[in-house]
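Please take a moment to look over the chain as a whole before you read on.

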Amino acid sequence: MAFERWSNQVAQATDSESQRRLLAEIGTWRATHLTDIPGLREAAFAMSNLYMKVGDRDAAVREARSLLSLCQTTPVATGEERHHAKAFLSSLGEKPPELRLPREPKRRSDRPERGERREPRERREPREAREPQESLDAVFARALEGDHVGALKLLKGKKGRAELVRAWVRLLKAMAAEDRDAELASLDRWFRQVLGVGGGAKAEPAAKAEPRQAPPTAEDGPLGELLGRQLPKRRDARIRLLVKWLEDHPARADELASTALAAHLAEAGPEVPAPWLAAFVAQARLGDGSRTEAALTALAEAGSKAVEIYDEWGFTRAMQLARTAPHRFAGLRRGVLGRGAEPDDRRAWTLRLDGEDRMLVLVAASADAYPAEAAAQLAQRLPGLCSRVVVLAPGAGNAPLREAVAQAGFVALDGEPSDTELLSALEAVKPVGGPAKAERAEKPAKAEREKPAKAERAEKPAKAERAEKPARPAKAEKPKEDDGAEALAALTAVLFGAEAPTAEALAAPVAALPKLREAFLAASAAWSALPDDASVRLAALMQAADGAAPDSLSVPEATTLALRVAAAQGGPVSAVLTGGSTAARFGGPGMADLIGLVAAAGEAGWALRRAFRGTTRRERRSNPALSELSDSLGGVWRLGLERSGARRELWFVADLPVEGRAAVPQLLLDEADRLVVLPIDPELSAWYGTLGGPEAIGWTPEDPSGVVDALK
């Protein structure tokens, strides 16, 4: 967070006397450092906070406006500092003015002093004179020697006289060709196109050729040889390549699926599943499928987890329906929600059929009740996948899922309908969330669109009959783009009001924000010292934000602030981080332990600066391995800590799959001042001990002293 020079002193000043004493101290420092612009910003921020503590709001607003003004003073503040300054002023209920940053000074030219005469510039010669004959001599030499291609290369990009020389070289090339008549005819067509004569259209610039694909290497193995190119490292890019290849070679689905399965076993080993290959396996089985069956048998003998999904009820039923359906198979996928959101024994299988916008969702029966939260999320996800959906979720345990799907407007079936009954239900289903593509009204042809007849148009009055042209009104100022300042001011007025707001009261102001992170940055800027009810207010804000945000949006700024508040106060914000739908957006694995870790760091004098999981964008961009494995590092929490200007990173490894464990050594290549904390687990500790990284500290919530001592 910006402007933290006096944050510790401000937090420790808890009574009116100490607060006013600190105001005098900072004021004295400011009076003796008037040229230290960054320091003056720090002072203005601290004094504004102190004035609010002593109840002088007008002085606090004055200092906040001074802070914003200093952010525009050279040296200009960073973007983050300007943003915090605006958010802080908004938290006081004031609308921040538009920032006007100073322009960079123009470079002083060597213009003469007043009274002196400028020396006349040399007159530039025409292009032909500036391009001497010698520059074309090499072209002439090559052309006369018969190296027409080399001569044309030397002329590439040249203008003026060189254009005439280019035409001459092309003529020589055509005359020297074996098939002289054909070459001359081609040259004639070229001249016609360039000149636009004889009915020939002017030549259009040549389309850019597709980038040349790198040939397969030894590491790409049989799959690279089959596809004829180097395999992408990222999984999504590789899947797109497989789909494109199968579109071009539909009769070779069996060969592709078997080769991809063997490649997965060779690259990832038997412990890694491969649900993304299900569609290719299904398409192969709808044909001959003999090579794919042999590959699956080989994987099963090797103990590969990649074959387990093909024994699931959802896959077996989907294959049966795909063979029966009158429409062509168009896709099969396992899972609708992200990893861990659906019950592991009831991952939904989605079967798409070509020809219509229709989809079947198949969920296996179970005696256990389907989690209500997962059922609601799955039902909310369906409209974004398809407009016509039938869900088959048999059994009493799937009743919550069927109820949520029905409330969303889709068809949910129980029992064991036959293939004919199920496909008939899919044919008859009505679209949800907008008409299907086939039912949308066709746009009338251009010729059929109604146009007013020319005779019906009002005749334009003669020039003499026209009314006198009114004077042009003054140019209206162009409205400024809404940067969200008004919406943020409306939100902070409710959030920082006298009474702690409810999530319902914050719902409308939060929904009006262009970016959700603005709300949490404003709260973070205002709460340099936490109010007593910060946990209640922040919990309500997070619940309102969760209701307004898209499913896939995460807000790291909210997680950072929530951890700081939960570690200091506990209460409702801890429940929001560890349970319910808000935990999926703002929390993560090991969140309860993480709250304890932040509290332990605070006990050692460290303040939380930021908290995030996995990798940074810079790390993914600079390290291809991390780019490939970043999705599996969600169990690695990284806390940025700060104390008296010093910074340190604390890692907490909550949970890691095999891919994540393979990625951790890549993260450790970047040398940094970090402390690694592990839950007390023998297997996890033994694995980490093989990496050669910094010594890990064991963590247990009952005794945080080891972490506190290590941080001190």
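Met-359 stands opposite Val-389 in strand S4, and strands S3 and S4, to which this pair leads us, run parallel and are joined by 5 bridges. Helices and strands are here DSSP runs, numbered from the N terminus, with at least four residues of type H or I for a helix and at least two of type E for a strand, and two strands are said to pair if DSSP finds at least two bridges between them. This is a predicted model, in which local features need pLDDT of at least 70 and side-chain atom pairs count only at pLDDT 80 or more, while totals for chains, interfaces and linings use all residues. Residues are numbered from 1 along each chain as its sequence is written, and side-chain values use heavy atoms, with hydrogens and water left out.

Strands S3 and S4 belong to an open sheet of 5 strands, with the order S1-S2-S3-S4-S5 and mixed pairing. Strand S1 (329–334) and strand S5 (411–413) are the edge strands, and because each has a single partner strand, one side of each is left without a neighbour in the sheet. From one strand to the next the twist averages 15°; angles like this run from 0 to 180 degrees between N-to-C directions, and the axes are lines fitted to C-alpha atoms, for helices over the stretch in contact.

Strands of a sheet pair through backbone hydrogen bonds, either parallel or antiparallel. S1 pairs with strand S2 (residues 349–353) in the antiparallel sense over 5 bridges, and Leu-332 stands opposite Leu-351 in S2. S2 and S3 also run antiparallel, joined by 5 bridges, and here Trp-349 stands opposite Leu-362 in S3.

How many of the residues of S3 are buried? The count is 5 of the 5, so S3 is largely enclosed by the rest of the structure; buried means under 20% relative accessible area, exposed over 50% and partly exposed in between, with a 1.4 Å probe and protein chains only. In a regular strand the side chains alternate between the two faces of the sheet. Both faces of S3 are covered, with Arg-358, Leu-360 and Leu-362 buried on one side and Met-359 and Val-361 buried on the other.

S3, helix H17 (residues 372–385) and S4 make a right-handed β-α-β unit, where right-handed means that, with the strands pointing away from the viewer, the path from the first strand over the helix to the second runs clockwise.

Strand S8 (residues 646–653) pairs with strand S9 (residues 674–679) in the parallel sense over 4 bridges, and the bridge partner of Glu-649 in S9 is Arg-674. S9 in turn pairs with S10, also in the parallel sense and over 4 bridges, with Gly-698 in S10 as the bridge partner of Leu-678. S9, helix H31 (residues 682–689) and S10 make a right-handed β-α-β unit.

We can now turn to the cores. A nonpolar core is a set of buried Ala, Val, Leu, Ile, Met, Phe, Trp, Tyr and Cys residues joined through side-chain atoms within 4.5 Å. The largest one has 57 residues, and those with the most contacts inside it are Leu-538 and Leu-563. Helix H23 (residues 534–548) gives the most to this core, with 8 residues. Apart from this core lies another, of 47 residues, which include Leu-223, Ala-278, Ala-322 and Leu-423.

Finally, consider the chain as a whole, which has 32 helices and 10 strands. Of its 712 residues, 39% count as buried. Among the contacts in the chain with a separation of 6 or more, 62% are between residues 24 or more positions apart, a contact meaning heavy atoms within 4.5 Å.
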